[in-house]
Every structure is written in structure tokens, then in C-alpha cells.
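Subject: Two-chain model, notes to go with it

Hi,

Here is the structure I promised to send over. Have a look at it first, and then read my notes below.

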Amino acid sequence: MKKSVMLLVIVMLLAAVLSAAAENVTLNVVTSYGGDDGNRANFEAAVAEYEAQTGNKVNDGSATSNEEWKARVLTDFETGSEPDVLFFFTNADAEPFIKAGKVVSIDEIRAEYPDYATNMKDSMLAVASDGKNYAVPSYGFWENMFVNKSVLDACGIAVPGPDYTWDQFLADCQTILDNGYTPIACSLVEVPHYWFEFVVMNNGTIDNQLDVPTSMDDAAAAKWVAGLNDIKDLYERGFFPKNTLTATDAETVAMFGEGEAAFLIDGSWKVGYFTGNHEDTLEDYVISYVPGKGDRKASEAIGGISMGYFITTKAWEDPAKREAAVEFVSYLTSDDVLSRFVTTEVTALVNGAKPEGLNILQQSAADANASITGVVGAVQDTITSEAKGDLFGNVQNVVTGKMTAEEAVASAIALN
Amino acid sequence: MKSMIYKKKSPLLVFLVPAFLFIIVFLYYPFFRNIINTFLSIGGLGRAAEGVNTPWYENYQRLFTDPYMRTAMKNTAILIVCTVVFQVGIALGLALLVDNIKRGQQFFRTVYFFPIVISATALGLMFNLIFLYKGGMINQLLLNLGMINYEVKSNGRMIVEWIDWKDKAHFMFTMFLPVMWQYVGFYFVIIVTGINNIPTDLYEAAALDGADGWKKTIYITLPMLRNVLRTCLVLAITGALKVFDLPWVMFGAGMPENNGWLTGTYMYDQTFNRMNVDYGSTIAVFIVVLGIILSNAANRLIKPSEDL
């Protein structure tokens, strides 16, 4: 009898130990909510809540999203050191690990967890090249022109509206330069892609924005070349910061934030950055429109839902991590949590996000978005990492005349 | 009674074989595999090769025609010269000075060695702030000293002509200074240890012969340091060929305008950012070959003294 009781106690103790061990799962998570991302604080808070609710731990390997980060994530997959949960781009960038079977489809997860991502509109889930959905979408983005009103006021220039033209923009930039300010805050060595998207659209239309050149003879190549030459023209006029070819993105954004530069093309994520880092001067910033040229109207912008949460096959096949990964993604993409990340961005939530208490800059973004007449995805998201790295790496060569725009585009086509 | 360990060699093998296997598996095998990779077409780390390049020596052909590789080699050659002259040179000077003081030798050893233990990333970020364009420490200092021009516009706005320490005219100084600064302490410690190993009777005998401090340095210390300096030279050359972390943090991919490449940073960029693994492997092989050639040349230049 005594032996049976002892055995029972031992079994119960073992079960308790094992269940405690099962509860303390450590998830390796990689996201782009690193560095100065505007939603960094929201992400940290959501992770802390998840940890408190589940008892699991999260190893946060987040970093700022740029080409190097993307390459590092892809390399991690290729070398077998991928995370358990990844918040990443859902476009062509994700194809290498999707094709390698290193992430699990939403259908496969729903077979075991029927409620997984059911708060999302299925029609808005990103579709991979094999026709399946893998990522649970978070929220969309827009890219548009941020304007520092204090600089424009000092130069006697009105805040641009949705009918802003390229010629007006060039004239305004000259006035701003003459008054001792930098017209455009941009690091051409680090983030030329923001300007590239809009100058390409300025030399085409919103409808053919996503056309990718396959040879130098097609129309897409011509508009890419014309777009690069527009950037070169702005550079030669001295509208970019003097150190645009050596400055980091953070430096030029700070320049804009501190009232040294007038215009900045950036994305919806920067609203959070300015809210967190320039709270005292928030009324100086306005979301405006990138000047239009040719058939493109200034009210047409870049946008869409381009990122989402993937669960990797490695985590899915690990019995200890499977449920933790599903719970993590479900929590981070729940209506309540996602609403905290969103101010003016579109989401795939069936019930929609419910952002509260917009500040003056967020309200400005909402107002600008209300006047947007068209949105299209970024063409850079449809080309390979190799081609993208080459194209954007060559922008500095084009503006300094070391390479022609034709040579830069031809080089990118060869790598795509 | 002599220990059996000197007569029976087999126990030594027990300790030598695992280390030997480890180095074969984790160093020599990857290195020879890397040589094979230079002839293949590989579009990403971990990806299978898509076949042999056409022609098979394509990457080696490219290596000698690639303008960025030429830039990388030129910059690395300058870095090697600077390393030998400034890192080893300054370290030697400091070591000789410290050896001549009676108190505080340990203090100076620690102070000069300290930069070595700081992570290169942290140092890179620190020097980024020092050399920052607007409001960086050096630019502010120069402005306050009146060495930077500024203009006051009619609207009262002051336009300062900040110095861009990362532009084509200044990048080499900005890139090399932190590298020099970080490793002076490393060579300093090696040389100081070398000086301490010189028998004191030599100095005592020289003193009896009337040699003063300077003569002792010229005729005793430096000749006796010959082998130590030779080691420092080889370490400096091979170290300069591999320099990566600090320049990468400060200058990224070839800044400014692709003039700032080093062999190490160019290899990393090709392999990890451009996913051109086979070409990155070729650059890696080239770095190793160059390292072997240059260190052999250095060894021949300063032949080991048979008297020491």
C-alpha cells in the first residue's frame, strides 16, 4: 500500500515537473519591430502581456527592416537557424523559404486549430506562388510625403495639397534652398527606394506601377530610367542633404524632425516614430502628398499590407512549441492588440481596427488618406533581393554620373 | 626518476587527435570546400549549387577585373601600411616609454589594452557619434575653434559648412583611425612582454660600459625584440587583411560612393547582401592566399636572429 502511494506521489511530481516544463516554452521570434520602429513600444508591451498570460518566454530577435535584415533572415532559413515565429514581408521576399517548405500554411494550422486567424478577412491574406496563404497579416502601410510646416512657414510656402505638381515642387525646393534649409531629407545611400517608387510612378501610371522590366526595350525599363534621372536631377540641383551619400536614414530623418529639412518621403510607421521622439514639435509635421508628374496625380500613393506573421515548420514540428507559436501569433493579431498598432493604416481584420485618441500627426495622416484617390503596392517588392540590392546600390553611382540610369536598370534586369 | 609520459607517447595522442579532428572538420574541410565553391554558381547561403560556372574560372577572372575589388585591395594595402607603421610603431614607442618608468607600468598596460576588450560594434557606434556630420564631437569642436566656416543668412539663419568626415576626401582617416586606436594596445602588450623578457644583465653590462638610455634602446632592446617585432608584423598584416567589424559598422557597404571597400567588407557584402556566395568565396580564398604571401614576405624581410 505504502509502495503504491509512493509511486503515485512520484508520478504526480513528475507530471507536475513535466507540465511546468511544458508551460515554460521559449519562443524565438524575429520581427521588424526593432531599433527606432514606431511600434516598438507596442510590440514590447504585447510580448510582455503574452508572456504574463501564458508563462512562456519570448527571445526577441527583432531588428530594423532594411535590405541587410531581409538578407539575414533569409540566410537564417538557409542555414537552419530560423526563428519559431517570423514577422516578415509576404511578397517575393518570402518565396525562398516558402518554396523550401520552411513555413506552415494557414490551412494546415487551421486543421488543428480551427480558430487560427479567423478574425482576418481571407480575401486579404497574401497568396504565395503555390496558391496557399502562409502569413497572418498585421496591418497595412502607406508611403507619402511628410512635410515640416515650420520650414515651409519660414520660407513662405504653403503646405502642398493633393494637386501638387512636380514643377511647383521644384520651385518650392529652390526657395527652401535659398533660405538656407535642406529641401529633401533623404539618405540616397541607405533608403533611395522611397523616392524610386514615386519617380517611377511619375513616369508611368498607377496602373502600370507594378510592371517590371524584362529587357531594356520595354516601357517599364524606360520609366525606371526616367525615374532614376529625376532623382539625379534633384541631386544635381542640391535639393538633397549635402551628405546624402554618406548619411544614414536616421541622420536625415533627425534633420527633418529638427526643422532643418522640409520634405521627407516615408511610411506610416514613421508617424509612431515622430510621436515618440518629437512629441514637443508634433504640430510642425503634416502628412502631405508626393508631387505628381505626367499622368500621375499627387493624390496617388504607395500602400498595401505587405507583412505578416509566419510560423516556421521547425516550431510546428516541435510538440513543445507548436501551441505556443499559435498562441503567440493569435495574440499579436487579435483585434485588441492589433488596434493598438494601428492609427491610420488599413488592416485585414473582419471587424476593423478601432484606434483611439489620434494625435495631431495621426489626424493629419487620416486627413491625407481621406483625399487619396489611388493606392498601389511597391514595385520593389516584386523583384528579387539581388536585383533590388543592385538597383538601389547603384542609385549613388547614377546621381554622381559614374553610371548612367540605363546601365543601372540593365544591371538590375540581369539579376532579376 | 623520469616520468613515463616522456617515454610513452600514446597518451599524447589522446589529447592531440581530438584537436586535430576538430580543426580538420571545422577549418580545413570548410576551407577546401570553399575553394570548390569558387568554381560553382551558388545564389545564396545554404542553397545547392546551380552547376559549374562558365568558364569554370569566371570568378577568378572577375576578381582581377572588378573595379570594386581593385578599390578594396588598394584600401587594404594602405591599411596594412598604416597598421604596420602606426599600430606597431606607436605600440613600440609606448612600450619603450612605459618600460622606462619605475611606477605605474601595470596601470598603463591596462589603460592601453582596454580598447581591445570593447566590442567593435560599440566602438563603431561611438566613433560614428564622434565623426557625426551635424553636431558630431569633432565638428562642434572645430566650429568652436573657428575652424569651420559658417554664413548667416538675411533671415538670421546660420548655415554651417560642417565637414563630412565620411566623404571621399576624409573617409580613409575616419575609417582607419578607430582601427589603429583599437589595436595599438594589443601590440603594446606583446612588445612590453618581449621587453620584460630581455635579461637584465645585458643592461647592467651596458651600463658599466657607459651606455645611456638611448643607446641601450638602440643596441640592446631593439635587437633583442627582433623576433617579437617579426611576430607583430605578421599579426598586423594578416589582421589588416581581415578587418571587417569596425569599418562595416561605420561605413556599411563601400561608403562613400563605393570608395570605402576593404577586402573583408567586400567579401561580406557579396556573400550576405548580394547572395553571391561563389564570388564571396573567391574573395575569401584570395584573402587567405594574400595573407600567406605577405606574411612569408614579412618573415623573409625580418629574418629570425640565430643569436636569440
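First, a term that comes up a lot: burial is judged by counting other C-beta atoms (placed from the backbone) within 10 Å of a residue's own, with 20 or more meaning buried, 12 or fewer meaning exposed, and anything in between partly exposed. Bear in mind that this is a predicted model, in which local features need pLDDT of at least 70 and side-chain atom pairs count only at pLDDT 80 or more, while totals for chains, interfaces and linings use all residues. Residues are numbered from 1 along each chain as its sequence is written, with chains lettered from A and ligands numbered from 1 in the order in which they are written.

I'd start with the loop between helix 11 and helix 12 of chain B, where B:Glu257 sits. (Helices here are DSSP runs of H or I with at least four residues, strands are runs of E with at least two, and both are numbered from the N terminus.) B:Glu257 has 17 C-beta neighbours inside 10 Å, so it counts as partly exposed. Its phi is positive, about 50 degrees, although B:Glu257 is not a glycine. B:Asn258 is in that loop too, and has a positive phi of about 65 degrees without being a glycine. Is B:Asn258 buried or exposed? It counts as buried because it has 20 C-beta neighbours inside 10 Å.

The loop also holds B:Pro256, between helix 11 (245–251) and helix 12 (263–273). Another cis bond runs from B:Thr54 to B:Pro55, with omega near -10 degrees. B:Pro55 belongs to the loop between helix 1 (10–37) and helix 2 (58–63) of chain B.

Helix 11 of chain B itself contains B:Leu246 and B:Pro247. B:Leu246 has 21 other C-beta atoms within 10 Å, so it is buried. For contacts, the rule is that two residues touch if their C-beta atoms, placed from the backbone, lie within 7 Å. Leaving aside residues up to four places away in sequence, B:Leu246 touches B:Ala120, B:Leu123, B:Gly124, B:Pro178, B:Val179 and B:Gln182. B:Pro247 is also buried, because 26 C-beta neighbours lie inside 10 Å. B:Pro247 and B:Thr174 are 73 residues apart along the chain, and their C-alpha atoms are separated by 9.3 Å.

B:Leu301, in helix 13 (residues 277–301) of chain B, has 9 C-beta neighbours inside 10 Å and therefore counts as exposed.

On to the cores. A nonpolar core is a set of buried Ala, Val, Leu, Ile, Met, Phe, Trp, Tyr and Cys residues joined through C-beta atoms within 7 Å. The largest has 122 residues, and A:Ile184, A:Ala185, A:Ala261, B:Tyr187 and B:Ile191 touch the most other members. Helix 7 (residues 171–196) of chain B gives the most to this core, 12 residues. Beyond four places in sequence, B:Ile191 touches B:Ala91, B:Leu92, B:Ala95, B:Leu225, B:Val228 and B:Cys232. A second, separate core has 55 residues, including A:Leu74, A:Met120, B:Ile42 and B:Val277.

Between the chains, 25 residues of chain A are in contact with 21 residues of chain B. On the chain A side, helix 3 (67–78), helix 10 (249–257) and helix 16 (385–393) each supply at least two residues. Helix 3 of chain A has the largest share, six residues. By class, that side of chain A has eight nonpolar, 11 polar and six charged residues. (Nonpolar means Ala, Val, Leu, Ile, Met, Phe, Trp, Tyr, Cys and Pro; charged means Asp, Glu, Lys and Arg; the others, Gly among them, are polar.)

Last, a helix pair: the axes of helix 8 (residues 193–202) and helix 9 (residues 219–236) of chain A come within 8 Å and cross at roughly 120 degrees. (Axes are lines fitted to C-alpha atoms, for helices over the stretch in contact, and angles run from 0 to 180 degrees between N-to-C directions.) The contact is made by A:Trp195, A:Phe196, A:Val199, A:Val200 and A:Asn202 of helix 8, and A:Lys223, A:Trp224, A:Gly227, A:Asp230 and A:Ile231 of helix 9. These residues divide into six nonpolar, two polar and two charged.

Cheers
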